[in-house]
Amino acid sequence: MSEETAAEERIATALIELLRKDSLDRISITDITTVAGVSRVSYYRHFSSKEDILLKHTCYVLDSLIEEIRAGGLRSGASFWQRFTKVLGESELVISMERAGLLDEFFSLFDERMRIIFSIVMGLDMDDKINLVMLKFISGGLIRLLRSSVVDDKEINENDITSFLRLLGEKVLL
């Protein structure tokens, strides 16, 4: 990880940590830079606003997952969903974006990447055929499902999710 990327990561992590305790409008740039251990100059070199931090971090996290998939990892249902759940859970993207009032922006970024992920992992051609509202519905339900105790308790496993989404994708694409 380059020094520039490390600084961006520290800033994003600091903001997410601060969002656990306070709303976005009450968090100052000084709060973020203090927790991140970076200067204001470094902050403004990487980001134009607090919202920009979350949007860029969301892109980074989701794009990293896509690169991991493209590199040949995470092709099986179970390994993919375990990693996917871990990425969304550990990064606290959904919760942070919701607390910041950026949930619509999150879903827009998420939906773009889910088209790619569904295409690679499930072999579905989703480029132009799927209705965007349907993809948002599927993505929203998927996030809620993965954040629920149902998956943790193994009432539903990763292969169940993959099978359901493949079947649903095939039906939607007809």
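**Fold order.** I read the elements along the sequence and got α-α-α-α-α-α-α-α-α-α. The count is 10 helices and zero strands. I keep in mind that this is a predicted model.

**Confidence.** I looked up pLDDT next. The protein averages 75, and 60% of the residues score at least 70. Among the elements, helix α2 (residues 29-36) has the highest mean pLDDT, 96. Helix α9 (residues 149-152) has the lowest, 55.

The protein has 174 residues, and 43% of them are buried. I then took the contacts with a separation of 6 or more. Residues 24 or more positions apart account for 64% of these.

**Helix α4.** I turned to residues 50-70, which form helix α4 with its 21 residues. From first C-alpha to last, α4 reaches 30 Å. That is close to the 30 Å expected at 1.5 Å a residue. I listed the buried residues of α4: Lys50, Asp52, Ile53, Leu54, His57, Thr58, Val61, Leu62, Leu65, Ile66 and Ile69. After α4 comes glycine 72, and its phi is positive, near 110°.

**Serine 96.** I found serine 96 in helix α6 (residues 93-99). Is serine 96 buried or exposed? Its relative accessible area is 2%, so it is buried, the cut-off being under 20%. I set aside neighbours within four places in sequence and checked what serine 96 touches. The contacts are Ile16, Leu19 and Leu54. Leu54 is also on my list of buried α4 residues.

**Aromatic pairs.** I counted two aromatic pairs in the protein. In one, the rings of tyrosine 43 and tyrosine 44 have centres 4.8 Å apart and planes at 90°. Why is this pair edge-to-face? The planes lie at 90°, and over 60 degrees counts as edge-to-face.

The other pair joins tyrosine 43 and phenylalanine 47. Here the centres are 6.3 Å apart and the planes at 50°, so I logged the pair as tilted.

Tyrosine 43 has a relative accessible area of 0% and is buried. Phenylalanine 47 is at 4% and counts as buried. Tyrosine 44 is partly exposed, with a relative accessible area of 47%.

Note on methods. Residues are numbered from 1 along each chain as its sequence is written. This is a predicted model: local features need pLDDT of at least 70, side-chain atom pairs count only at pLDDT 80 or more; totals for chains, interfaces and linings use all residues. Side-chain values use heavy atoms; hydrogens and water are left out. Helices (H or I, at least four residues) and strands (E, at least two) are DSSP runs, numbered from the N terminus. The expected span of a helix is 1.5 Å times one less than its number of residues. Buried means under 20% relative accessible area, exposed over 50%, partly exposed in between (1.4 Å probe, protein chains only). Contact means heavy atoms within 4.5 Å. pLDDT is the predictor's confidence in each residue, from 0 to 100. Rings of Phe, Tyr and Trp (its six-membered ring) pair if their centres lie within 6.5 Å; planes under 30 degrees apart count as stacked, over 60 as edge-to-face and the rest as tilted.
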